[in-house]
Amino acid sequence: MSYPESAPARRPAAVLSAVTVLLVMAVAALAYAVVDLVVLGGTVDAFRSAARDTSASPEQIDDVVTLLRASAVLSAVVAVLSAPLLAGLALGLLAGRNGVRVATWVVSGLGLLAGCCSVAVVVGERAAPLQLGADEHALAELLGLIGDAYPSWWIPLNAGLSVAQALGYLVVATLLVLPAANRWFGRHRSTAPTAPPMFPPAPHQPPSAPHTPPYPPR
């Protein structure tokens with residue numbers, strides 16, 4: 001005898017909103033990686049042009065250029081790697097996997113911490129520039145030129161993206177704690193198939209007849 005399958009539960013708005021935020025953040029990470037690498041060439045050229053008027057040696061200029069390129073490539077790699085991670089978390093949330101929800105909380109906590117640290121670094125560089133000794137005057141001149149070598153909109157964009165990243169992770173973590181999300185993931189956890197028993201139960205056997213003596217009693 002077959003029974004009709006029950007209709008799947010509708011995903012709550014909290015889960016759909018969290019998935020949407022994660023997907024938007026994944027697309028933004030890819031876009032940031034592309035823009036970061038595109039801006040790098042012009043930034044290096046502007047820095048080299050400005051560095052010619054300083055007392056720094058060509059070796060010192062090359063060292064700072066290497067630092068600029070390594071920083072840009074590292075940021076792009078991190079952004080590219082985070083995009084599939086966020087997309088995978090979004091797909092797992094759509095499937096109602098509670099383990100993915102826990103992983104999303106962990107990633108959100110780390111992302112929130114990283115975003116706050118990025119904002120703190122940008123604000124700290126503007127409020128208290130790096131101070132070097134008198135014997136490192138040339139290096140101080142070069143480091144002071146880095147901010148001006150970038151396009152005027154680049155540093156504000158980075159600060160805004162860091163704030164948006166922190167808020168995005170905070171919003172995702174909050175949405176997944178709401179009661180509607182708890183019911184959604186609890187339903188999928190309770191309906192998960194259970195493992196079959198190790199050994200099948202023994203078939204029922206009727207009680208045996210009482211033992212009769214071989215000879216009639218005297």
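Visitor: How many residues are in the largest nonpolar core?
Guide: In this predicted model, the largest nonpolar core has 44 residues.

Visitor: Which of them have the most contacts inside it?
Guide: Those are L22, F47, I61, L86, L93, L142 and F185.

Visitor: And which elements give two or more residues to this core?
Guide: Helix 1, helix 2, helix 3 (98–127), helix 4 (137–149), helix 5 and helix 6 (179–190) do. The largest share comes from helix 1, with 15 residues.

Visitor: New topic. How many salt bridges does the structure hold?
Guide: One. The side chains of D62 and R48 meet in it, at 3.1 Å from N to O.

Visitor: Where do D62 and R48 sit?
Guide: D62 is in helix 2 (residues 58–94) and R48 is in helix 1 (residues 13–51). The two are 14 residues apart, and the pair links distant parts of the chain.

Visitor: Now the rings. How many aromatic pairs are there?
Guide: The count comes to three aromatic pairs. In one of them, the rings of Y32 and W154 have their centres 5.7 Å apart and their planes at 10°, so this pair is stacked.

Visitor: Which parts does that pair tie together?
Guide: Y32 lies in helix 1 and W154 in helix 5 (residues 154–175), so the pair ties together parts that are 122 residues apart in sequence.

Visitor: Are Y32 and W154 buried or exposed?
Guide: Both Y32 and W154 are buried. For W154 the relative accessibility is 4%.

Visitor: What about Y150 and W154?
Guide: Their ring centres are 6.3 Å apart and their planes are at 15°, so the pair of Y150 and W154 is stacked. Y150 counts as buried, at 18% relative accessibility; the cut-off for buried is under 20%.

Visitor: Which residues do the ring pairs link into a cluster?
Guide: The cluster is made of Y32, Y150, W153 and W154.

Methods:
Residues are numbered from 1 along each chain as its sequence is written. This is a predicted model: local features need pLDDT of at least 70, side-chain atom pairs count only at pLDDT 80 or more; totals for chains, interfaces and linings use all residues. Side-chain values use heavy atoms; hydrogens and water are left out. A salt bridge is a side-chain nitrogen of Lys or Arg within 4 Å of a carboxyl oxygen of Asp or Glu. Helices (H or I, at least four residues) and strands (E, at least two) are DSSP runs, numbered from the N terminus. Rings of Phe, Tyr and Trp (its six-membered ring) pair if their centres lie within 6.5 Å; planes under 30 degrees apart count as stacked, over 60 as edge-to-face and the rest as tilted. Buried means under 20% relative accessible area, exposed over 50%, partly exposed in between (1.4 Å probe, protein chains only). A nonpolar core is a set of buried Ala, Val, Leu, Ile, Met, Phe, Trp, Tyr and Cys residues joined through side-chain atoms within 4.5 Å.
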